[in-house]
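Let's take a friendly walk through this protein together.

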Amino acid sequence: MFLVTGNMAIARTRHTATLLQNGTVLIVGTDDPYAEVYDPATGSFTAVGSLSPYGGSPLVEAYAHTASLRADGTVLIAGGFDYVVGRVVNFAGLCVYVTLPGSLAATALFAPESGGFTATGLLNTARDGHSATVLGDDTILVVGGEKRTTFSNGFCHSTGVSQVLSSAELFK
């Protein structure tokens, strides 16, 4: 049986929902830089810190990233993709703008006590759709995924390239 509860501030897709140690749920991702925390005791969602430090841009869309709860209660947000604007020639021969996905190398830590994010550096390889596993020593193994890159090959010739990854890296 499902019960009706409150609504998120914005509609989301390809986001993460992470159960925090205090029983609330951190929700991160989509085309809004703000995360939300769901409180099951009240059935309400509250906007929390911005992902703006995530990669250093003022607005970050994070899709297909990972969110890993560490033993100290922080949550590592890693990778994902954002949409970048490219130009292509459409069927009528006109140059039009399109959005293409580009993988992110950014990482950020969410601290529940501050309700905010802190940029923590970059992955060695930009990736989305990967997995992240917290190991016994609280390091996080980031594995696989996809690296999407958008190239502009001239005035009206953008193209997207995708590579499936076998690489792995550790966050300490």
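The side chains of Ser-103 and Asp-128 are joined by a polar contact of 2.7 Å. A polar contact here is a pair of N or O atoms within 3.5 Å; within protein, one must be able to donate a hydrogen and the other to accept it, and residues adjacent in sequence count only if both atoms are side-chain atoms. The Ser-103 side chain also reaches the backbone oxygen of Glu-146, at 3.2 Å.

A word on the model before going on: it is predicted, with local features needing pLDDT of at least 70 and side-chain atom pairs counting only at pLDDT 80 or more, while totals for chains, interfaces and linings use all residues. Residues are numbered from 1 along each chain as its sequence is written, and side-chain values use heavy atoms, leaving out hydrogens and water.

**Around Ser-103**

Ser-103 belongs to strand 8 (residues 95–103). Strands (E, at least two residues) and helices (H or I, at least four) are DSSP runs, numbered from the N terminus. With a relative accessible area of 14%, Ser-103 is buried; that term means under 20% relative accessible area, with exposed over 50% and partly exposed in between (1.4 Å probe, protein chains only). Leaving aside neighbours within four places in sequence, Ser-103 is in contact (heavy atoms within 4.5 Å) with Gly-80, Phe-81, Ala-126, Arg-127, Asp-128, Glu-146, Lys-147 and Arg-148. Ala-64 is 39 residues from Ser-103 along the chain, and their C-alpha atoms are separated by 9.3 Å.

Lys-147 turns up again as a partner of Thr-125, which is also in contact with Leu-165, Ser-167 and Glu-169 once neighbours within four places in sequence are set aside. Thr-125 sits in the loop between strand 10 and strand 11 (131–134), and counts as buried at 18% relative accessibility.

**Aromatic pairs**

How many aromatic pairs does the structure hold? There are 3 aromatic pairs. Rings of Phe, Tyr and Trp (its six-membered ring) pair if their centres lie within 6.5 Å; planes under 30 degrees apart count as stacked, over 60 as edge-to-face and the rest as tilted. Tyr-38 and Phe-45 make a tilted pair, 4.7 Å centre to centre with 40° between the planes. Tyr-63 and Phe-81 are stacked, because their ring centres are 5.3 Å apart and their planes at 20°. Tyr-63 lies in the loop between strand 4 (44–50) and strand 5 (66–69) and Phe-81 in strand 7 (residues 81–89), so this pair ties together parts that are 18 residues apart in sequence.

Phe-81 also has Arg-148 over the face of its ring, at 4.6 Å from the ring centre. For such a placement, NZ of Lys or CZ of Arg must be within 6 Å of the ring centre and within 35 degrees of the ring normal.

| Residue | Relative accessible area | Class |
|---|---|---|
| Tyr-38 | 16% | buried |
| Phe-45 | 22% | partly exposed |
| Tyr-63 | 8% | buried |
| Phe-81 | 1% | buried |

**The nonpolar cores**

A nonpolar core is a set of buried Ala, Val, Leu, Ile, Met, Phe, Trp, Tyr and Cys residues joined through side-chain atoms within 4.5 Å. The largest has 13 residues, of which Leu-26, Val-28, Ala-35, Val-48, Val-75, Phe-110 and Phe-117 touch the most other members. At least two residues of this core come from each of strand 2 (25–28), strand 3 (34–39), strand 6 (75–78) and strand 9 (106–111). Another core, of 9 residues, lies apart from it and includes Ala-78, Ala-105, Leu-109 and Leu-123.

Which residues does Val-48 touch, not counting residues up to four places away in sequence? They are Leu-26, Tyr-34, Ala-35, Glu-36, Val-37, Phe-110 and Gly-115. Val-37, placed in strand 3, is buried at 13% relative accessible area.

**Strands 9 and 10, and the whole**

Strand 9 and strand 10 (residues 116–122) run antiparallel, joined by 5 bridges; strands pair if DSSP finds at least two bridges between them. Leu-109 stands opposite Thr-118 in strand 10. The hairpin of these strands has 4 residues between them, and in it Gly-115 takes a positive phi near 65°.

Overall, the protein has 15 strands and 0 helices. Its C-alpha trace spans about 55 × 40 × 35 Å along the principal axes, and buried residues make up 42% of the 172 residues.
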